[in-house]
Amino acid sequence: MKRLQDRVAVVTGAASGIGLATARRFADEGARVVAVDLATDAIETLAKELDGDAITCDVTDEAAVGAMFDQVVATHGSVDVAFNNAGISPPEDGSILTTGIEVWDRVQRVNLTSVYLCCKYVLPHMRRQGRGSIINTASFVAVMGAATSQISYSASKGGVLAMTRELGVQFAREGIRVNALCPGPVNTPLLQELFASDPERAQRRLVHVPMGRFAEATEIAAAVAFLASDDASFVTASQFLVDGGISGAYVTPL
């Protein structure tokens, strides 16, 4: 399908994981992809692969985010899709009893403040155009609690979900859709790193997935492509769960 033919799509956190898979899916759907990350070499290689663009940007830096979207519009004339996906999940982020304020602040800055900044600076361009689709990466932990806590990560994703809902309502009549992607655990380098030193922790989570496995990044990318496209023309202010059934489960299959 070519649901995004000739549309300009910005993907933050494009160097790996869900961002990388989505950038490739967007390109397959016909979009002109702008890959954004701090990993310059990785996104420049990706841009060559996709015949797209690469912009090195610290998405926690307000001036840099504003300049990045201005650059996209100056180059391509519009920004039609913004997938605000950059995020971190450091191992130091655990129980509220042990997580220090420095870790808390860093996770909030990357996972929540960056989404706020990306929305803040892409919305004026989309309002001028009278159209646009924003997809913000939240998580299934925004709607559920876990005894294996990552307190700042969970709080940041809850913030993304609430902010997305409000923006989706506020700008719905201006032709701009804003949705929160809520993935379950995904087989990405981030998750692999988190669980590599603690297989028991991984198994505690896996047992709660009705499908019996973690998602692949390409499966999440397919959901993002739907939300970005006109197939989702009546979908806004939603928490779009792609979690293998976790949030709907009480007892999982044996």
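This is a predicted model: local features need pLDDT of at least 70, side-chain atom pairs count only at pLDDT 80 or more; totals for chains, interfaces and linings use all residues.
When neighbours within four places in sequence are set aside, the contacts of Leu123 are Ile134, Leu167, Phe171 and Ile176.

Ser133 lies ten residues from Leu123 along the chain, and the C-alpha atoms of the two residues are separated by 9.7 Å.

## Helix H4 against helix H3

Helix H4 comprises residues 101–129 and packs with helix H3, residues 62–76, at an angle of about 30°. The axes of the two helices are 8 Å apart. Angles under 35 degrees count as roughly parallel, and H3 and H4 are therefore described as roughly parallel to each other. The crossing in which H3 passes H4 is right-handed.

On the H3 side, the contact is formed by Glu62, Val65, Gly66, Phe69, Asp70 and Val73. On the H4 side, the contributing residues are Leu117, Cys118, Lys120, Tyr121, Val122, His125 and Arg128. By class, the residues of this contact comprise seven nonpolar, two polar and four charged.

## Cysteines of helix H4

The structure contains zero disulfides. For Cys118, the closest cysteine sulfur belongs to Cys57 and is 7.0 Å away, which is too far for a bond, because a disulfide requires sulfur atoms within 2.5 Å. Cys119 is likewise in no disulfide; the nearest cysteine sulfur to that of Cys119 is in Cys118, at 7.1 Å.

Cys118 counts as buried, with 1% relative accessibility. Cys119 is also buried, and its relative accessible area is 1%.

## Helix H1 against helix H8

A further helix pair is formed by H1, residues 17–28, and H8, residues 217–228. These helices pack at an angle of about 55°, and their axes are 8 Å apart. Angles of 65 to 115 degrees count as roughly perpendicular and those under 35 degrees as roughly parallel; H1 and H8 are therefore oblique to each other. H1 passes H8 in a right-handed crossing.

From H1, the residues that meet H8 are Gly17, Ile18, Ala21, Thr22, Arg25 and Phe26. Their counterparts in H8 are Ala217, Thr218, Ile220, Ala221, Ala222, Val224, Ala225 and Ala228. The contact of H1 with H8 divides into ten nonpolar, three polar and one charged residues.

How values were computed
Residues are numbered from 1 along each chain as its sequence is written. Side-chain values use heavy atoms; hydrogens and water are left out. Axes are lines fitted to C-alpha atoms, for helices over the stretch in contact, and angles run from 0 to 180 degrees between N-to-C directions. Helices (H or I, at least four residues) and strands (E, at least two) are DSSP runs, numbered from the N terminus. Angles under 35 degrees count as roughly parallel, over 145 as roughly antiparallel, 65 to 115 as roughly perpendicular and the rest as oblique. A crossing is left-handed if the near helix is turned anticlockwise from the far one by less than a right angle, and right-handed if clockwise. Contact means heavy atoms within 4.5 Å. Ala, Val, Leu, Ile, Met, Phe, Trp, Tyr, Cys and Pro count as nonpolar, Asp, Glu, Lys and Arg as charged, and the others, Gly among them, as polar. Buried means under 20% relative accessible area, exposed over 50%, partly exposed in between (1.4 Å probe, protein chains only).
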